Amino acid sequence: MSEKGIKIASRISRIPSSATVRIADQAAELKRQGKDVIDFSAGRAAEHSPLYINRAAALALLNGDTHQTMAQGTPVFREMVARKLERDNGIKADPEKNIIATLGCKNGLTLAIFSTVDPGDEVIVEDPCFVSYNATIGLCGGIPVAVPLREENEFRWKKEDLEGAVTEKTKAILICSPHNPCGTVHTEEDLDVISDVAIKHDLWVITDEIYERLTLGGRKHICLATRPGMAERTITLMGFTKTFSMGGWRIGFAYVPETVLGSMVILQQHMMTCAGSFTQAGAAAAFQQDYHPEVKEMWEEWEKRVDYVTDEINRIPRISCHKPEGSFYAWINIKKTGESSVVLAERLLNEQYIALVPGSAFGKTGEGYLRMTCVKSRADINEGIIRLSKGIS
Ligand code: PMP
């Protein structure tokens, strides 16, 4: 508030800051003060984006690809995305009618929510869920309705839980698979539960599939949009941030029904104009053929790290960790420590110099858990596990 008492909009004063970004910032500040902090908080791998993708973007930049593109994204980018969707996901998308380039999955989320949710509408969300979902729904004037994902149900919804949350104000369901933070990968049965409810009550479904290439133990990701009757009501968000370690590029895409594409493009024209020109060129190269060996090796190595971290956590008394089915997080049950997730996370940061995210940042049901990113360097992981063990005991 200024001296004259001018207030900022209530819309923003209701929204908490992003806990993951906040903790990563705190860790960065401790590092700046010379502390040897290891940051397991943000969902950021140790690896940089692959060289062949960097080269494609650099070449585009050097060749003068420095101007705005169509708001929907360049035809080349959308064509490459369509090829990827057909090859990996069994989706036949029209690059003109079904695909929009976004500035990361988060921008896709904003476009999707602002295109489908009116003020006062309810949106059913998983609890815990990615930190930006409730905030984005709230900014739009929507009301998030949390339906818990419980460990005893393997972090999956039961049909009666979902059905019980639907009211006449429900407009959409927002889900994530592979899940951040719980690591659930939806099976056909899980998707049937969601499809049945969405079709019965005529709801939109926004599905965040940013971790779709990062399934573990040989599991296969299934796109909700490929299930019967779902293509026309499903907005699928995907991206490059996780799969290719390209979080700084701010590039992603959405696969959407033709009926909603125009609204998302209008919003994009006014909000962002378009995704970056040379970032689209680089990202398009990511999908040129089958995945580059450099990328496949990185994914295989990540799976080993997730396995290793979760096994090591299970050796530490009083904490435990189920094996994630996808994404790259350990979702650590800390209930036996008797400390709240915020208190424990702060203690681990200030005493052991390791940053993990308190589970409560992801929703009420997240209390009693900490989230740890497993795809840090081997050296950081080894040291991090030692410190975690010390901090817990
Ligand atoms: N969705 C989920 C589930 C995420 O975990 C993240 C990143 N932590 C995002 C979206 C944001 O992705 P992007 O960087 O592509 O905006």
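The questions below concern aromatic pairs and charges over rings in a predicted model.

Residues are numbered from 1 along each chain as its sequence is written. In this predicted model, local features need pLDDT of at least 70, side-chain atom pairs count only at pLDDT 80 or more, totals for chains, interfaces and linings use all residues, and side-chain values use heavy atoms, with hydrogens and water left out.

Student: How many aromatic pairs are there?
Tutor: Rings of Phe, Tyr and Trp (its six-membered ring) pair if their centres lie within 6.5 Å; planes under 30 degrees apart count as stacked, over 60 as edge-to-face and the rest as tilted. By this rule the count is 19 aromatic pairs.

Student: Which kind of aromatic pair do Y211 and F328 form?
Tutor: The ring centres of Y211 and F328 are 5.5 Å apart. The planes stand at 85° to each other, so the pair is edge-to-face.

Student: Is Y211 buried or exposed?
Tutor: Buried means under 20% relative accessible area, exposed over 50%, and partly exposed in between (1.4 Å probe, protein chains only). Y211 has a relative accessible area of 2%, so Y211 is buried.

Student: Which kind of pair do F244 and Y291 form?
Tutor: The ring centres of F244 and Y291 lie 5.9 Å apart. Their planes are at 40°, so the pair is tilted.

Student: Which residue lies over the face of Y291?
Tutor: A charge sits over a ring if NZ of Lys or CZ of Arg is within 6 Å of the ring centre and within 35 degrees of the ring normal. At 4.8 Å from the ring centre of Y291, the residue over its face is R87.
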